[in-house]
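Let's walk through a protein model together, one question at a time. Have the picture open while you read.

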Amino acid sequence: MGLSRLKVGVDVPWVTSWTEEPVIGVRPCPTVNGRPALVQVSRAGFGRPQYSRNHLVRQRETVLRMLCPMCGEPTPPDDRWTQLARLTAAGLLRRTGQAAMLTREIEDRRVVLDAGSIAPLHRRCVDRSLMYCPHLQSAPDVSIMRFPERWAVLPLLIEAGPVLEAGAGISAAAGAMVMVVTFLQLVGVTDKLDRDWRFRKAKSSAHPPIG
Ligand SMILES: [Zn+2]
């Protein structure tokens with residue numbers, strides 16, 4: 001299939017995966033300091049967009065470089081917004097295993113904004129996506145919030161068997177399981193504390209399926 005008439009970053013979110021971008025296995029990836037990560041061919045705009053799947057490498061770039069997942073441009077600190085993120089206490093994320101790698105400097109009662117795997121958007125891109133994205137229009141939990149000035153990035157890991165070890169440069173023993181990065185989770189750190197966090201019910205995070 002050739003180049004789509006749909007424009008990347010305009011008609012289709014920049015971070016969305018396309019059918020001509022197969023997952024090619026595990027490689028050391030610069031987006032995670034050369035750690036083994038699941039990688040995908042980069043050929044945005046070819047084939048059909050897969051709206052429910054984020055591109056693994058572009059997703060990691062959005063979180064690392066604070067790129068808007070809609071248009072792919074950097075978001076300035078005063079123009080970062082989330083739509084599906086959830087305010088919760090760090091302790092609740094830990095209790096449900098959704099932030100195992102969160103450093104202990106972020107105390108349990110600290111209120112965090114769990115953005116899942118969705119980096120903040122420009123306000124103009126929030127408004128556009130709400131207008132055009134059918135998934136968002138039907139989502140009951142859309143809530144537009146400003147993203148905090150501090151955040152933590154947590155790698156989401158899967159255990160990959162020898163089948164996935166097609167990449168060069170992975171120095172695992174033959175047949176050994178390797179912890180491999182898929183997406184990056186973004187957790188905003190607010191100035192607020194929730195002293196009653198222990199009595200609250202945990203909510204699930206916004207992680208789309210792996211591409
Ligand atoms: Zn944008």
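Here are some questions and answers about this model.

This is a predicted model, in which local features need pLDDT of at least 70 and side-chain atom pairs count only at pLDDT 80 or more, while totals for chains, interfaces and linings use all residues. Residues are numbered from 1 along each chain as its sequence is written, and side-chain values use heavy atoms, with hydrogens and water left out.

Q: What pattern does the protein chain follow along the sequence?
A: Let's start with the parts list: the protein chain has four helices and 10 strands. These are DSSP runs numbered from the N terminus, with helices (H or I) of at least four residues and strands (E) of at least two. Read in sequence order, the pattern is β-β-β-β-α-β-β-α-β-α-α-β-β-β.

Q: What percentage of the residues of the protein chain count as buried?
A: First, the cut-offs: buried means under 20% relative accessible area, exposed means over 50%, and partly exposed is in between (1.4 Å probe, protein chains only). Of the 211 residues of the protein chain, the buried share is 48%.

Q: Among contacts between residues at least 6 apart in sequence, what percentage join residues at least 24 apart?
A: A contact here means heavy atoms within 4.5 Å. Take the contacts in the protein chain between residues at least 6 apart in sequence; the share joining residues at least 24 apart is 74%.

Q: Which atoms are the protein donors of the zinc ion?
A: Donors are N, O and S atoms within 2.8 Å of the metal (3.2 Å for Na, K and Ca), and since water is not among the atoms, sites may look incomplete. The protein donors here lie 2.1 to 2.4 Å from the zinc ion. Along the chain they follow the spacing C-x2-C-x50-H-x2-C. They are Cys68 (SG), Cys71 (SG), His122 (ND1) and Cys125 (SG).

Q: What arrangement do the four donor atoms around the zinc ion make?
A: Four donors count as tetrahedral if all angles lie between 85 and 135 degrees. The four donor atoms here subtend angles of 98 to 118°. That makes the arrangement tetrahedral.

Q: Is helix α1 largely enclosed by the rest of the structure or largely open?
A: Helix α1 covers residues 56–65, and seven of its 10 residues are buried. Those are Leu56, Val57, Arg58, Gln59, Arg60, Thr62 and Val63. Their cover includes β1 (16–18), β2 (23–29), β3 (35–40), β4 (49–54), β9 (150–160) and β10 (178–193).

Q: Is Met66 buried or exposed?
A: Met66 follows α1 and is found in the loop between α1 and β5 (81–82). Its phi is positive, about 50°, although Met66 is not a glycine. At 3% relative accessibility, Met66 counts as buried.

Q: Is Asn33 buried or exposed?
A: Asn33 also has a positive phi, near 55°, in a residue other than glycine. You'll find Asn33 in the loop between β2 and β3. With a relative accessible area of 78%, Asn33 is exposed.

Q: Are the rings of Phe147 and Trp151 stacked, edge-to-face or tilted?
A: Rings of Phe, Tyr and Trp (its six-membered ring) pair if their centres lie within 6.5 Å; planes under 30 degrees apart count as stacked, over 60 as edge-to-face and the rest as tilted. By this rule there is one aromatic pair. The ring centres of Phe147 and Trp151 are 6.1 Å apart and their planes are at 45°, so the pair is tilted.

Q: Which residue's face does Arg43 lie over?
A: A charge sits over a ring if NZ of Lys or CZ of Arg is within 6 Å of the ring centre and within 35 degrees of the ring normal. Arg123 lies over the face of Trp81, at 5.1 Å from the ring centre. For Arg43, at 4.0 Å from the ring centre, the residue is Phe46.

Q: How far apart in space are Ala152 and Val63, C-alpha to C-alpha?
A: Ala152 sits in strand β9 and counts as buried at 15% relative accessibility. Ala152 and Val63 are 89 residues apart in sequence. In space, their C-alpha to C-alpha distance is 9.8 Å.

Definitions and conventions:
Four donors count as tetrahedral if all angles lie between 85 and 135 degrees; four count as square planar and six as octahedral if opposite donors are over 155 degrees apart and all others between 65 and 115; anything else is irregular.
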